[in-house]
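Here is a short tour of one protein model, written to be read with the structure open beside you. We will go from the sheet to a helix and then to the charged side chains.

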Amino acid sequence: MTDKFIAIDFAGTLVTPEFINKANEFRAQILDRALPTKKEHTNPEELYKNNRELVEKLTGLSANHDVLRTELTGEVIEVPGEAFQNIIATNLFMVGCFQAAKELGMRSFPKGLDVELLSLQERGFKLAIVSGVRTDIIAGVLAITGFPVVFDDILGQPATLGVSGIQQLEELPKVAWMIGDKESDAQDAKAVGAKSAFVSWGFGEDVKADLAVITPADLKKIN
C-alpha cells in the first residue's frame, strides 16, 4: 500500500466538457451571456471577472458593497462585494451542475474512467480531486450521479474562490501524479514535484505532460 496521491482535475477531466457546457447553460441564461469560451475555461480569473461584471449588471451589487454572511458554523463574516459576486455566479453554476448531473447521470463522466480510477485505488494509490470548482458543487455532483469512486480528499474552491492549484496540491502529503486537461495542471504538478497526465477529452490542447491520456484505459500506464 502506498501513501501517494493521484490528484485529478474536475471540470473537463473527471466530468466531460459536454457536462460543463450543459451546466453552464443555466448561468448563461440568467446572466444573459454566451457559454464560456475555451480561453475562459483555461484562464479562470478571466471567467470570474466576466461573470462578476454580469452579476453586477443583473443585481446592482457592486465590488464596493460588503455583505454580511452567516456560515453553517454560525460565524458571521463580512464578505467583500467582489467575493460575493463570485458566490452569486457560482451559485448559478451549482444549480446548472446539479441539473446536468440529474439529467446525465453516469454520462457526466468519460466512459470507463470510473473503472480505471477504481483500479488505481486497488493498486494502492490514494485519489484526490483538485479543482477550481467549489467543493460543495463537486460533492453534490458525485452524490447525484452515484459515481462509484470514493475519493480520499476533495480540494475544491471555497465559496469566495481564489485558492490556487499549487496551494491545494500542497495540502496533500505526497502527490505522485496530477491528471488534468490544462497547461496550469501540468505546471502545478511540476511545482510540487509530481508527474503530469494530460487527458485528450478536456478543454486544453497541446499540453506538454509526462503521460498523454487518449482514453481512460491509458491511466493503466501510471506507476
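Which residue is the bridge partner of V199 in β8? In β8, V199 is partnered by V213.

## About the model

This is a predicted model, in which local features need pLDDT of at least 70 and side-chain atom pairs count only at pLDDT 80 or more, while totals for chains, interfaces and linings use all residues. Residues are numbered from 1 along each chain as its sequence is written, and side-chain values use heavy atoms, with hydrogens and water left out.

## The sheet

Let us begin with the strands. Six of them form an open sheet in the order β5-β4-β1-β6-β7-β8, with parallel pairing. At the edges stand β5 (153–157) and β8 (211–213), each with a single partner strand, so one side of each has no neighbour in the sheet. From one strand to the next, the twist averages 20°, where axes are lines fitted to C-alpha atoms and angles run from 0 to 180 degrees between N-to-C directions. Strands here are DSSP runs of E with at least two residues, helices are runs of H or I with at least four, and both are numbered from the N terminus. Two strands pair if DSSP finds at least two bridges between them.

Now for the individual pairings. Strand β4 (residues 126–134) runs parallel to β5 and is joined to it by four bridges; V130 stands opposite L155 in β5. Strand β1 (residues 5–8) pairs with β6 in the parallel sense, also over four bridges, and I6 has W177 as its bridge partner in β6.

Strand β6 (residues 175–180) has six of its six residues buried, so it is largely enclosed by the rest of the structure. Buried means under 20% relative accessible area, exposed means over 50%, and partly exposed lies in between (1.4 Å probe, protein chains only). β6 pairs with strand β7 (residues 195–199) in the parallel sense over four bridges, and W177 stands opposite K195 in β7. Together with helix α8 (residues 183–191), these two strands make a right-handed β-α-β unit; right-handed means that, with the strands pointing away from the viewer, the path from the first strand over the helix to the second runs clockwise.

β7 is mostly covered, with four of its five residues buried. Three bridges join β7 to β8, and the two run parallel. In the segment after β8 you will find D218, which is buried at a relative accessible area of 14%. Leaving aside neighbours within four places in sequence, D218 is in contact (heavy atoms within 4.5 Å) with L211, A212 and V213.

## Helix α3

How far apart are the end C-alpha atoms of helix α3? They lie 22 Å apart, which agrees with the 22 Å that its 16 residues (44–59) should span at 1.5 Å a residue. The expected span is 1.5 Å times one less than the number of residues. After α3 comes G60, whose phi is positive, near 90°.

The buried residues of α3 are L47, Y48, N51, R52, L54 and V55. They pack against α1 (17–31), α2 (38–42), α4 (81–104), β4 and β5.

## Salt bridges

Side chains of opposite charge can pair when their charged atoms come close. In the whole structure, a search finds ten salt bridges, each a side-chain nitrogen of Lys or Arg within 4 Å of a carboxyl oxygen of Asp or Glu. One of them joins E103 and K22, at 3.4 Å from N to O. This pair links distant parts of the chain, with E103 in helix α4 and K22 in helix α1, 81 residues apart. K22 counts as partly exposed, at 27% relative accessibility.

K49 is partly exposed with a relative accessible area of 44%, and E53 is partly exposed with a value of 44%.
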